[in-house]
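Please open the model in a viewer and keep the selection panel at hand.

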Amino acid sequence: MKNVILLTVDALRKDVLGCYGDKSGLTPFIDSLEGKCIRFTRAQSSGPYTQASFPGILTSSYYLEYGKPEQLSSRRTLISEPLKGVGITTCAFHSNPYLCGLLGWNRGWDVFYDSMEEEVDPRIPYVKGNVINARVTEWLSSYNGESRPFFLWLHYMDVHEPYVPQKEYINMVDPSINLSINEMYKLFQDILLKRDVSDEGTVELLKKLYCAHVREADDYVREFFGILSKFGFLENSAIILTSDHGDEFNEHGGLSHDDKMYRELIDTPLIIYDPTRNSGEVCDTLVSNIDIPPTIMHLFGIEPPESFEGHSLLPVGNYPHEGVFGEAIDQKSQRGGDIERDTYYYREQDLKIIYRANLDNWEMYDLEADPKELNNIADSSPEAGRLKDKLMPRVRRWANQ
């Protein structure tokens with residue numbers, strides 16, 4: 001492929017996509033790509049929220065690798081830096097404040113749009129996907145890079161809370177829902193922010209509003225593919241589609257995406273689109289989002305820097321069968337609290353172990369027998385000791401930084 005594109009959709013759960021088994025029809029366009037894709041069924045995020053996950057996606061490193069992060073460590077290598085160093089044009093378009101230039105995420109980009117200077121409605125506190133697409137269109141229309149391939153990263157925030165979707169998308173999910181923008185935002189303020197799961201019907205309503213946003217984001221993906229086709233870039237671009245994490249709807253007693261390591265947050269869609277493929281492929285190997293930057297380097301035919309901790313997902317047969325890790329600190333600690341409220345997980349095949357270090361508390365789940373992660377077998381599984389030994393060297397290694 002001449003060009004490589006990374007398309008990330010914030011807070012997109014794997015289990016709402018039709019190509020991963022959902023029957024609701026929320027992602028018709030993404031599902032239609034399957035015949036030209038490698039679809040990874042066991043992709044894991046390295047963290048349950050943006051700050052914990054994106055170091056994996058863009059730097060192939062873990063969240064707490066260099067101590068408590070206040071901004072992007074100079075010791076991390078952004079995927080844009082080695083690519084730009086060999087003459088590849090690097091461009092980014094997103095609207096997530098945790099990934100803004102002020103925090104160091106603008107290193108190595110020829111073009112970096114993070115929308116921080118845009119005015120947004122507090123009820124919809126991000127630049128929407130159609131605006132991101134318009135910015136990309138503007139750049140592609142003026143791009144004259146016949147001799148220079150490009151790496152493009154774009155990120156949609158439209159699935160993220162507050163859940164305030166347009167009526168046309170609400171109607172696709174449940175036309176009986178008739179809420180104003182202010183009423184939907186009040187649900188965010190009064191229910192979601194407080195993590196109030198006391199009313200099952202309200203939680204279900206929030207999930208439906210979330211799903212309406214998923215349907216909306218699918219339209220933005222369709223529009224983006226149309227833009228690539230219009231400018232003649234679709235036929236020579238590999239496209240990696242994924243999310244940074246999911247969202248919870250009371251699967252484990254909460255809402256949104258906190259410092260939990262369960263499947264509703266950690267299991268992510270991961271699809272590699274190749275326009276030259278004649279049929280789709282499904283890969284059941286356990287992989288991590290830290291593998292995305294080495295895969296991008298592989299697609300360009302470039303050796304990854306030594307600092308990258310992941311492995312290229314391609315060719316699929318060469319990927320090492322290893323366990324995957326993830327880590328996080330609680331949301332209050334991110335805002336200046338105690339970093340010692342930290343959580344870690346390690347997964348091998350269908351066994352996953354979770355450790356809350358500040359509580360010295362272990363959980364373990366057999367995901368094949370217990371896909372909803374409700375039966376903690378940490379005290380009974382003969383494999384628990386081995387998985388603990390795998391995880392413990394990663395616990396609080398930041399204390400020695």
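The model is predicted, so local features need pLDDT of at least 70 and side-chain atom pairs count only at pLDDT 80 or more, whereas totals for chains, interfaces and linings use all residues. Residues are numbered from 1 along each chain as its sequence is written, and side-chain values use heavy atoms, with hydrogens and water left out.

**Stop 1: strand β12**

Select residues 342-348, which form strand β12. Helices (H or I, at least four residues) and strands (E, at least two) are DSSP runs, numbered from the N terminus. In β12, 7 of 7 residues are buried (under 20% relative accessible area, with exposed meaning over 50% and partly exposed in between; 1.4 Å probe, protein chains only). One side carries Asp342, Tyr344, Tyr346 and Glu348, the other Thr343, Tyr345 and Arg347, and both faces are covered.

Tyrosine 346 stands opposite isoleucine 353 in β13. The hairpin of β12 and β13 has 2 residues between the strands, and glutamine 349 takes a positive phi near 50°.

**Stop 2: helix α11**

Select residues 384-391, helix α11, where Ala384, Leu387 and Leu391 are buried. These residues lie on the same side of α11, because they cover an arc of only 70° around the axis (taken from the directions from the helix axis to the C-beta atoms). The buried residues of α11 pack against β11, β12, β13 and β14 (361-366), where contact means heavy atoms within 4.5 Å.

**Stop 3: the cavity lining**

Which residues line the largest cavity? Select Leu33, Cys37, Phe225, Ile239, Leu241, Ile271 and Tyr273. A cavity is a set of points, on a 1 Å grid over the protein atoms alone, where a 1.4 Å probe fits but cannot get out, and lining residues have an atom within 4 Å of a point. β6 (237-242) and β9 (270-273) each supply at least two residues of this lining.

**Stop 4: proline 82**

Finally, select proline 82 in helix α3 (residues 80-85). Proline 82 is buried, with a relative accessible area of 19%. Not counting residues up to four places away in sequence, proline 82 touches Thr77, Met297 and Pro305. The C-alpha atoms of proline 82 and proline 305 are separated by 7.5 Å, although the two residues are 223 residues apart along the chain.

Key:
Two strands pair if DSSP finds at least two bridges between them. On a 1 Å grid over the protein atoms alone, a cavity is a set of points where a 1.4 Å probe fits but cannot get out, and a pocket is an open set with protein on both sides within 12 Å along at least five of seven lines; lining residues have an atom within 4 Å of a point.
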